[in-house]
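Biologist: Hi! I'm new to this one, could you walk me through it?

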Amino acid sequence: MLRDYFLNKVETALQKAISENKMGQMTEYNNGMLIVEKPKNSDFGDFAINVSSLARFAKIAPPQIANEIINHIDKQDCQYNAVGGFINFKAGNDLLINLVYEIFNKKENFGKGENINKEKIILEYISANPTGPFHIGHGRWAAMGSALANLLKFYGHEVYQEFYINDAGSQIQKLGNSLKIRVRQELGENVDFPTDETERKNYYPGDYLIPVAKSFVEKYSQILCCAQNDSVDVVDSIDLQTYCDFAKEYEQKVQRELLDKLRVHFDNFYSELTLHNSGKVSACVEELKKSGKIYEKEGAVWFKSSDYGDDQDRVIKKADGSNTYLTADIAYHADKLNRGFDRMINIWGADHHGYVARVKASLEALGYDPDKLEILLGQLVNLVIDGNEVRMGKRKNMVTLDDLVDEVGVDATRFWMEMRNIDTTLDFDIELAKKSTDENPVFYVQYAHARACSIIRHATGQNIDAKTGEQIKGVMSVSEFNDFIANFDKNIMNLTINEARKLILKLEEFKYLIYTSARDRQVYTICRYVQDLASEFHSFYNSTRVITDDSELTKSRLALVWAFKTVLATALNILGVSAPEKM
């Protein structure tokens with residue numbers, strides 16, 4: 001990376017200056033004291049380092065330190081200058097040409113991590129109750145989690161994606177009872193959900209259960225008809241668990257089909273119910289008991305989470321003998337580590353922030369390293385239609401994630417869900433997301449890729465004249481272009497290096513972007529990057545004619561177009577967004 005190249009040059013020069021007693025009272029330098037940044041004024045250079053922090057060791061002014069370092073730098077091919085306490089760096093042509101050459105060599109692998117500390121990571125996200133269709137908030141976790149998995153895999157980690165199914169709580173009973181009411185309606189009974197708000201909370205009265213009821217009646221028609229002929233309660237002739245299981249399986253199928261449509265693919269769907277049935281939950285409670293980390297009070301069983309930084313102890317078994325949500329969470333996270341994962345990353349809604357300390361506390365109490373668990377807390381989505389915010393929730397009619405995908409498409413849904421930091425509330429403007437204009441960020445980025453593909457098609461004669469129907473002759477044939485790509489001569493870039501400088505620097509930035517985004521578990525930075533990269537390409541295209549009468553100059557510019565297309569497609573692939581060749 002150019003950042004590393006520049007930093008290494010400065011640090012080497014600094015150590016040389018120290019050895020020659022040119023750094024005042026400074027006798028040694030420890031790596032990490034200097035940081036590379038972007039100068040506020042790009043005219044100063046591509047990168048800058050503030051050396052003012054060294055003044056307290058050297059006991060000389062920062063401008064003098066900067067000048068002494070520059071005096072000891074090998075300036076071959078690159079430019080260095082000092083402004084106050086800053087050392088500014090401008091990459092030379094050879095470095096930029098080698099960058100383009102690196103893209104040609106690595107192709108879609110350009111930007112991947114090298115010599116990293118590879119980890120086996122389990123990434124858990126969405127983990128919704130199987131009680132209804134995904135709402136818009138689930139869509140954000142789906143897109144963010146999927147893109148984060150792509151990013152971490154691209155960087156070099158081993159990533160296992162898991163969906164934790166919350167199917168062991170009272171919500172499944174509510175779902176079954178709700179389906180019973182819809183089945184009664186389907187059979188012609190004049191019944192409805194309670195109107196009392198308190199009672200209504202024990203049901204899911206959304207219309208999405210109507211097709212479930214139709215499917216249920218169709219499957220159990222013979223039983224229902226027989227019961228009806230025997231003058232018994234038709235619906236009660238089938239036990240509640242059957243309703244619960246049918247509705248749960250139906251909704252899970254709906255959820256998984258939508259995930260496939262949204263290009264979100266899990267390695268495993270882990271049932272909370274199976275966790276309980278396996279005995280792992282009770283085993284964890286027993287382990288905590290043996291270690292003296294639980295006690296009884298007022299008939300309930302409490303975990304001493306306050307011993308590990310939590311603000312208070314937590315109940316893990318209620319007085320009625322039922323477990324709390326925390327009990328299963330403790331067992332589930334212990335099970336993850338027992339499966340051999342080095343790191344656990346969870347994406348949770350911000351309303352679960354109180355669970356972070358208690359889950360980490362439980363892991364520590366069980367003898368695990370709590371730092372192996374990372375929780376990304378995310379804010380929700382405000383869906384805006386015609387300037388009005390749309391309410392979301394399962395208990396009333398709502399706009400579902402499926403509705404949104406059908407309205408704006410998978411690409412727009414994913415990009416918009418990913419383009420803000422996870423800890424920031426997202427306003428999803430549905431009308432803007434549908435626009436085929438530069439105002440819509442996903443259209444703007446995809447159009448840049450399509451434009452690059454169009455340039456290459458024109459250059460290789462792959463276009464048909466709309467009037468005559470004849471093939472338009474290009475600068476070279478497809479086979480000649482492919483050979484040019486496969487045997488790229490980096491020296492040809494000399495012809496266009498100066499006019500394409502900003503675009504090449506933006507391409508080079510991709511390597512550092514992948515490193516920092518993977519380190520910080522962020523994907524919105526990639527959305528921002530592809531918008532900036534598309535902007536640089538559009539500027540290059542608008543100011544520079546790619547296909548000219550000079551075949552060598554054309555090849556030089558085509559090489560840059562191909563390099564841009566390759567990097568942009570790689571970035572979009574990480575986001576789970578398509579890179580269209582035509583629009």
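**A first look around**

Modeller: Let's begin at Lys-59, which counts as exposed at 54% relative accessibility. Exposed means over 50% relative accessible area, buried under 20%, and partly exposed in between, with a 1.4 Å probe and protein chains only. Keep in mind that this is a predicted model, where local features need pLDDT of at least 70, side-chain atom pairs count only at pLDDT 80 or more, and totals for chains, interfaces and linings use all residues. Residues are numbered from 1 along each chain as its sequence is written, and side-chain values use heavy atoms, without hydrogens or water.

Biologist: Where does Lys-59 lie?

Modeller: In the loop between helix H2 (55-58) and helix H3 (62-71). Helices (H or I, at least four residues) and strands (E, at least two) are DSSP runs, numbered from the N terminus. The phi of Lys-59 is positive, near 60°, and this residue is not a glycine. Most residues other than glycine have a negative phi.

Biologist: OK, zooming out. How many helices and strands does the chain have?

Modeller: There are 22 helices and 15 strands. The C-alpha trace spans about 95 × 75 × 40 Å along its principal axes, and 52% of the 583 residues are buried.

Biologist: And the contacts, what share joins residues at least 24 apart?

Modeller: Of the contacts between residues at least 6 apart in sequence, 71% do. A contact means heavy atoms within 4.5 Å.

Biologist: Can you show me an example? Which residues is Val-10 in contact with?

Modeller: Leaving aside neighbours within four places in sequence, Val-10 touches Leu-34, Ile-49, Ile-69, Ile-73 and Ile-87. Val-10 sits in helix H1 (residues 2-19) and is buried, with a relative accessible area of 0%. Although Val-10 and Ile-87 are 77 residues apart in sequence, their C-alpha atoms are 8.5 Å apart.

Biologist: New topic: how much space lies in the largest pocket?

Modeller: About 900 Å³. On a 1 Å grid over the protein atoms alone, a pocket is an open set of points where a 1.4 Å probe fits, with protein on both sides within 12 Å along at least five of seven lines; lining residues have an atom within 4 Å of a point. Its volume is the space filled by probe spheres set on the points, which are joined across faces, edges and corners.

Biologist: Which residues lie nearest its centre?

Modeller: Of the 30 lining residues, Ile-126, Ser-127, Asn-166, Asp-351 and His-352 lie nearest the centre of the largest pocket. Helix H13 (325-338) is among the elements that each supply at least two lining residues, and the largest share, five residues, comes from H13.

Biologist: Back to Ser-127, is that residue buried or exposed?

Modeller: Buried, at 13% relative accessibility. Ser-127 is in the loop between strand S5 (120-124) and H5, and its phi is positive, about 40°, although Ser-127 is not a glycine.

Biologist: What about helix H14, which residues are buried there?

Modeller: H14 covers residues 353-365, and its buried residues are Val-356, Arg-358, Val-359, Ala-361, Ser-362, Leu-363 and Ala-365. They pack against several elements, including helix H12 (280-290), H13 and strand S12 (373-378). After H14 comes Gly-367, with a positive phi near 95°.

Biologist: Last one: where is Thr-413 found?

Modeller: In helix H16 (residues 410-418). Thr-413 is buried, with a relative accessible area of 1%. Beyond its neighbours within four places in sequence, its contacts include Leu-262, Leu-401 and Phe-428.
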